[in-house]
Amino acid sequence: MEENQYKWGVVIIACMAIFIIVLDSSAMNVAITTLVVELNTTLSAIQGIIAIYALVIASFMLLGSKLQDILGRKKAFLIGLGIYACGTLTATLSVNATMLLIGWSILEGIGAAMILPATTTIVGSHYSGKDKVTAFGIWGGIAAMGAAVGPIIGGIFTSFLTWRLVFGSELIFVIIIFLFRNRISESVPTLKWKDLDLVGAVLSIVALILIVLGILFLTRPENWGSVAVLIGSGLVLFAIFLLWQRRRIKNGQEPLSDIYLLKDRIFGLGILNNFITQLPLAGFLFIIPVFLQQVTKVDAFTTGLTLLPASITILICSLGGAKLSSRLDPKYVLMLGFFVAALGTFLLGGVFTVSARPTDIVPGTVIFGIGIGLLLSQLTNITMSAAGDDQETDAAGLLNSFKNLGYSVGTALIGVLLLVGIFYGVVAGVEASGQTGNMTKAEIEGGVFKYVEKMQTGTPEVPPDLVPYYSQIIDSSISSAMKQAFNVLSLILLLGFVSCIFIPRRRTT
């Protein structure tokens, strides 16, 4: 009776940790404009902080996962939780963007890199059979809940109290987890510190950082000269990392990660689809709040309310999708999820104009949410089911690393897509205006570009000479940029749909 009573205690503790990690990004996205003003920074700086948070998690994930084998999963989990708490406190007290970067992106990111793989193995090792499927369904559902309630929590705190409470409230969850830490069983360490692959850790961390920084630099034309060097260097280092891992395995040495897991078709495609799913999700969660607050001028609370239907849909479908997989092969649930999410982003691409109302985007966001919810309900269990018991820590590290890398790249990529879209939109808007008065087309284009650039500080002013052309040109550029960005997100999701064709028909158990 007592054992059954506390049957789901372990997964609940693990899910509380997942909840606060996911809550950060979804809640703070609606506070972007407020952060720009209160921390005296720019939109691109906040975008970078959000992307770097996910990047740090992805970069340190393999190392964080391997530490479970040296410290034991419970100890690694609790140490990570302690580091995360320090970051949360620092972010709460931030007085500028640098302090927020250190607290949120770096300290919380490193802590999360130790927490995430530990929660995956804690849940995976504690349950089996149908209970394991259910546990991972709860795990995915709680993660979705963090995304679901994040925008409205962020909106309430930002509009009526302060955004700092988003971080401050997470300390309550940390305390609760520490109080109930005895529910978590410890694993016996299988490695010593001398077995740790430090060279591999450095190679993987530096490689991923360079790649994502290269993508972030694309959003600033003055940095374009460094983009190829950063991305190229990152790809080369990542290739060296893979070769180094293969060498250590062949020599009988402990690798940072068992890269041969990627040769398994189910695991490899699971990793790919986790990465693909995070790209449009990150772009969606970043760009919708920016559009609503910078263009339609609504507050953070209204932004949270606008995103709430989609967030609730993601939660319901992520929980319901686990039951759906008992009737329909998980492969087809994934294909359905990718197709529906792609339909949602395609519909969203056509509704963004200067005169758009928040309610105009709700139908598209709900359809997108249905697809993402179905994907989240399946991806973790499908991917982890391909790993043996002795591969769980490596599998968890690779899974969470690629998921967060996808989120980081998605946040950076959306900025690049908007920049390109605005450029072509301004050119098209000038052409469509038909009149230039005393100004040349080049002068009008330059003026509009400066206006769009000043939007990053939240205080743009329309130059007097641009007033006759402003409405039409700005409307054209924003509509063009958003449409192109969401069309690309649709193509990315369709790529995920195609990749699912190659997943073997195999029910998870």
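Is Asp-197 buried or exposed? In this predicted model, Asp-197 has a relative accessibility of 2% and therefore counts as buried, the cut-off being under 20%. This residue is considered further below, after the overall architecture.

The chain contains 17 helices and zero strands. Of its 509 residues, 57% are buried. The accessible surface amounts to about 20500 Å², with carbon and sulfur atoms contributing 66%. Among contacts between residues at least 6 apart in sequence, 83% join residues at least 24 apart.

The largest nonpolar core comprises 135 residues, and the members touching the most others are Phe-77, Leu-100, Trp-104, Phe-284, Ile-288 and Phe-486.

Four salt bridges were found in the whole structure. One of them pairs Asp-69 with Lys-66 at 3.7 Å, N to O. These two residues are three apart in helix α4 (residues 43–71), and so are separated by about one helical turn. Asp-69 is buried, at 13% relative accessibility, as is Lys-66, at 2%. Lys-66 also forms a salt bridge with Glu-254, with the closest N and O atoms 2.9 Å apart. Because Glu-254 lies in the loop between α10 (224–250) and α11 (265–294), whereas Lys-66 belongs to helix α4, this pair ties together parts 188 residues apart in sequence. Glu-254 is partly exposed, with a relative accessible area of 27%.

A further salt bridge joins the side chains of Asp-197 and Arg-248 (3.7 Å, N to O). Asp-197 is situated in the loop between α8 (164–179) and α9 (198–217) and Arg-248 in helix α10, so the pair links parts 51 residues apart in sequence. Arg-248, at 11% relative accessibility, is buried. Through shared partners, salt bridges unite Lys-66, Asp-69 and Glu-254 in one network.

Conventions
Residues numbered from 1 in each chain as written. Predicted model: local features only at pLDDT ≥ 70, side-chain atom pairs only at ≥ 80, totals over all residues. Heavy atoms only, no water. Helix = DSSP H or I, 4+ residues; strand = E, 2+ residues; numbered from the N terminus. Buried < 20%, exposed > 50% of the residue type's maximum accessible area, 1.4 Å probe, protein only. Contact = heavy atoms within 4.5 Å. Areas by Shrake-Rupley, 256 points an atom, 1.4 Å probe, with all protein chains shown as cover. Core = buried A, V, L, I, M, F, W, Y, C linked by side-chain atoms within 4.5 Å.
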